[in-house]
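Please read each point with the sequence and the coordinates at hand.

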Amino acid sequence: MPLPKISTPTYELELPSTNKKIKYRPFLVKEEKVLIIAMESEDTKQITNAVKTVIKNCILTRGVKVEELSTFDIEYLFLNIRGKSVGEEVEVLVTCPDDGVTQVPVVIPLDEIKVERSEKHSRDIKLDENLTLRMKYPCMEEFVKSNFSLSEDVSLQDTFEIVSACIEQVYNEEESWSAKDCTKKELADFLEQLSSKQFKQIEGFFETMPKLAHTFKVKNPNTGVESSVVLEGLSAFFV
Amino acid sequence: MSMAHVDLESYYKVNFALVQHHKYSLTELENMIPWEREIYLTLLKQFIEEETLKERARDGGSL
């Protein structure tokens, strides 16, 4: 007996980080169930794992490792998969910025949400005249650890761990040191040597990292004031 | 969060009704795309409403 044919439509998108085209399919009702169960648990770690599982199932292109994709790739992918599965519009309740109280429902077309890049952003951080630090984007695991750990407080230790996980290499004109070849302790020791100014530059890398963003205007029905609102990050579109 | 468009309670209630009263199987339902299931639900609601109207018209005519 031949294997059954998959009857779901397939779509294509470009991964924001690499511009590589990948094929995907919408999620199915049984996969949506996994998401609903996770969401009703209100455990953000469970939600992230559910999102990861669904994305893995829906990517049809071989060789794409969800664990290694950057957080903004994952968010963009999920947004597109959800659009093709449920509907390409979401209604969000936006708090009008002029009074900070009035909430207005706004319909957002998911296909208009793009990954925004800052011109100031660079993966290369010049530490001094000699050394440059090349960063890589946090992936799913770092995203889960940093955003969804059970304790609410992110300790200094956690921050150091995230930063060291995002170091790709340190280099100068003659030599380069890959983070892959270093132990956690070596990376931590290297980070501890940095001055506060150098650490600020690293913070800048995370702050200016590409992110999902959508800007639109909203009019407060009570005051008549029109203001511009920016929604950033996946969760902003599903509150 | 509303990443999914239904809650768990209505998900199971609707699935139960579709399986129990409208001959769908759970496998069929779970392998649909969510918007597809929504379309079948809308069509089914329309069908039931039309049938109810027809029935009322018949009952009214026979009185």
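1. A residue is called buried when its relative accessible area is under 20%, exposed when it is over 50%, and partly exposed in between. By that rule A:Arg134 is partly exposed, because its relative accessible area is 25%. Please keep in mind throughout that this is a predicted model.

2. The side chain of A:Arg134 meets that of A:Asp124 in a salt bridge, with an N to O distance of 2.8 Å. A:Asp124 lies in strand 6 (residues 124-126) of chain A and A:Arg134 in strand 7 of chain A, so the pair ties together parts that are 10 residues apart in sequence. A:Asp124 is partly exposed as well, with a relative accessible area of 28%.

3. A search of the whole structure finds 10 salt bridges over all chains, and another of interest here is the one in which the side chains of A:Glu67 and A:Lys56 meet, at 2.7 Å from N to O. This pair links distant parts of the chain, 11 residues apart, with A:Lys56 in helix 2 (44-58) of chain A and A:Glu67 in the loop between that helix and helix 3 (71-85) of chain A. Both partners are partly exposed, since the relative accessibility of A:Glu67 is 27% and that of A:Lys56 is 41%.

4. Which residues of helix 6 of chain A are buried? In this helix, which spans residues 184-192, they are A:Leu187, A:Phe190 and A:Leu191. Seen down the axis of helix 6 of chain A, these buried residues fall within an arc of 95°, so they line one face of the helix. An α-helix has 3.6 residues a turn, so residues three or four places apart point the same way. What covers the buried residues of helix 6 of chain A includes strand 7 (132-135), helix 5 (156-165), strand 8 (167-171) and helix 7 (196-207) of chain A.

5. The face of helix 6 of chain A that is turned away from its buried side carries the exposed residues A:Lys185 and A:Glu192. A:Lys185 counts as exposed because its relative accessible area is 56%, and its side chain meets that of A:Asp189 in a salt bridge of 2.9 Å, N to O. A:Lys185 and A:Asp189 both lie in helix 6 of chain A, four residues apart, which is about one turn of the helix. A:Asp189, at 35% relative accessibility, counts as partly exposed.

6. Is the charged residue A:Glu31 buried or exposed? A:Glu31, which lies in helix 1 (residues 29-41) of chain A, counts as buried because its relative accessibility is 7%. A polar contact of 2.8 Å joins the side chain of A:Glu31 to that of A:Arg25. Leaving aside residues up to four places away in sequence, A:Glu31 touches A:Arg25, A:Pro26, A:Val54, A:Asn57 and A:Cys58.

7. Chain B has a secondary structure of three helices and zero strands, and its elements run α-α-α from the N terminus on. Of the 63 residues in chain B, 22% are buried. One residue to look at is B:Phe47, which is placed in helix 3 of chain B and counts as partly exposed because its relative accessibility is 46%. B:Phe47 and B:Leu26 are 21 residues apart in sequence, and their C-alpha atoms are 21 Å apart in space.

8. How many residues of chain B are in contact with chain A? There are 18, and they are in contact with 24 residues of chain A. The area buried between the two chains is about 2000 Å², of which carbon and sulfur atoms give 67%.

9. Across the interface of chain B and chain A the rule finds eight residue pairs in polar contact, with both residues at pLDDT 80 or more. On the side of chain B that touches chain A, helix 1 (8-22), helix 2 (26-30) and helix 3 (34-62) of chain B each supply at least two residues. The residues of this side divide into 12 nonpolar, three polar and three charged. The rule also finds one salt bridge across the interface of chain B and chain A, and the side chains of B:Glu30 and A:Lys33 meet in a salt bridge of 2.9 Å, N to O.

Key:
Residues are numbered from 1 along each chain as its sequence is written. Chains are lettered from A and ligands numbered from 1 in the order in which they are written. This is a predicted model: local features need pLDDT of at least 70, side-chain atom pairs count only at pLDDT 80 or more; totals for chains, interfaces and linings use all residues. Side-chain values use heavy atoms; hydrogens and water are left out. Buried means under 20% relative accessible area, exposed over 50%, partly exposed in between (1.4 Å probe, protein chains only). The arc is that of the directions from the helix axis to the C-beta atoms. Contact means heavy atoms within 4.5 Å. Buried area is the accessible area (1.4 Å probe) that two parts lose on being put together, summed over both. A salt bridge is a side-chain nitrogen of Lys or Arg within 4 Å of a carboxyl oxygen of Asp or Glu. A polar contact is a pair of N or O atoms within 3.5 Å; within protein, one must be able to donate a hydrogen and the other to accept it, and residues adjacent in sequence count only if both atoms are side-chain atoms. Ala, Val, Leu, Ile, Met, Phe, Trp, Tyr, Cys and Pro count as nonpolar, Asp, Glu, Lys and Arg as charged, and the others, Gly among them, as polar.
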